[in-house]
Amino acid sequence: MRSTGRRKKSASPVTANVRRRKQSRPTMRRPSASLEPFTQLHLSVLSGWLRWPHVAPWYPAPEDNIAWAADPPEGGSQSLIACDSRPVGYIRWQIVDRETLDSVGLNDIPTNAVDVDLLLGEPEYLGKGLGPAALELLLGHLRANAALPLIGLTTSVENARAHRAFEKAGFRVARQYTPAGFGPCYLFVRPLHHERIPDREEAGA
Ligand SMILES: CC(C)(COP(=O)(O)OP(=O)(O)OC[C@H]1O[C@@H](n2cnc3c(N)ncnc32)[C@H](O)[C@@H]1OP(=O)(O)O)[C@@H](O)C(=O)NCCC(=O)NCCS
């Protein structure tokens, strides 16, 4: 639209005040996520997070998660998820060998796929995009390793909040399956190097 060159007058002192208030309102800043080292000192924090009502239904064996965190198996790693430097969650990942994939029926998933689990323990940090941001950071880290074909996340078919977060992070449902002790779950995957899931041969499996 072409300008008339005339300045628009404010309709009333009230609208002018509202405009001034809007202009002076601080802009909402997206919280900044980072992945920080997880040490043995964080085990008790993780133990508390695993028992929050928004986490516990999806982590039915917290003592197993603590045992894993205390002594990660070969191919396993973990980090704290921090928001503006405050620890608010936990992410762990595990490179999965052929035998393990086949034992849970994931025969078409390539060897060395990376299985990821994450949680935000502090409830006031839910719904701010930190879960997808943490996944994006992990993706960037794992892409440096050309031998890792894809990332997979398994979660209950009922965990709608997680489905939403994983989709926002670029993951897609590859299939439904039932790992022992977890009930029906979706396997979400995202390739690490191409936007297509490599087959077993391409991945050198
Ligand atoms: C799954 C999880 C990591 C997602 O992280 P997140 O940073 O909250 O993700 P998002 O901000 O993208 O929010 C995802 C959805 O949660 C819902 N949500 C938003 N605010 C919320 C709040 N305050 N409380 C509950 N749910 C909320 C919304 O549906 C949102 O989707 P939308 O943005 O399209 O509306 C987090 O919810 C979590 O830790 N849950 C408990 C543990 C778990 O389920 N882990 C996954 C198993 S591997």
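These legends accompany close-up views of a predicted model.

View 1. The protein holds 6 helices and 7 strands. Their order, starting at the N terminus, is α-β-α-α-β-β-α-β-α-β-α-β-β. Of the 205 residues, 25% are buried. Among contacts with a separation of 6 or more, 63% link residues 24 or more positions apart.

View 2. The average pLDDT of the protein is 86, and 80% of the residues score at least 70. Residues 1-26 have a pLDDT below 50. Beyond near neighbours in sequence, this stretch makes 2 contacts in the model. Where pLDDT is low, the predicted coordinates should not be read in detail.

**View 3. The shell around the ligand.** The ligand is surrounded by 22 residues. The closest are Leu 120, Gly 127, Gly 131, Ala 162 and Ala 165. Four elements each supply at least two residues of this shell: strand 4 (113-120), helix 5 (130-142), strand 5 (150-156) and helix 6 (160-168). Helix 6 gives the largest share, 5 residues. By type, the shell divides into 11 nonpolar, 6 polar and 5 charged residues.

View 4. His 54 sits in the loop between helix 2 (43-50) and helix 3 (62-70). Leaving out residues up to four places away in sequence, His 54 touches Pro 123 and Leu 126. Leu 126 is 72 residues from His 54 along the chain, yet their C-alpha atoms are separated by 9.6 Å.

**View 5. Strands 1, 2 and 3.** Strand 1 (residues 33-37) and strand 2 (residues 76-83) run antiparallel, joined by 5 bridges. Strand 2 also runs antiparallel to strand 3 (residues 86-96), with 8 bridges between them. Cys 83 in strand 2 is the bridge partner of Ala 33. In strand 3, the bridge partner of Cys 83 is Arg 86.

**View 6. The turn between strand 2 and strand 3.** These two strands form a hairpin with 2 residues between them. Which residue there takes a positive phi? Asp 84 does, with a value near 45°. Cys 83 and Arg 86 are bridge partners at this hairpin.

Key:
Residues numbered from 1 in each chain as written. Predicted model: local features only at pLDDT ≥ 70, side-chain atom pairs only at ≥ 80, totals over all residues. Near = placed C-beta within 6 Å. Nonpolar A, V, L, I, M, F, W, Y, C, P; charged D, E, K, R; others polar. pLDDT = per-residue confidence, 0-100. Contact = placed C-beta atoms within 7 Å. Pairing = 2+ DSSP bridges. Buried ≥ 20, exposed ≤ 12 C-beta atoms within 10 Å, placed from the backbone.
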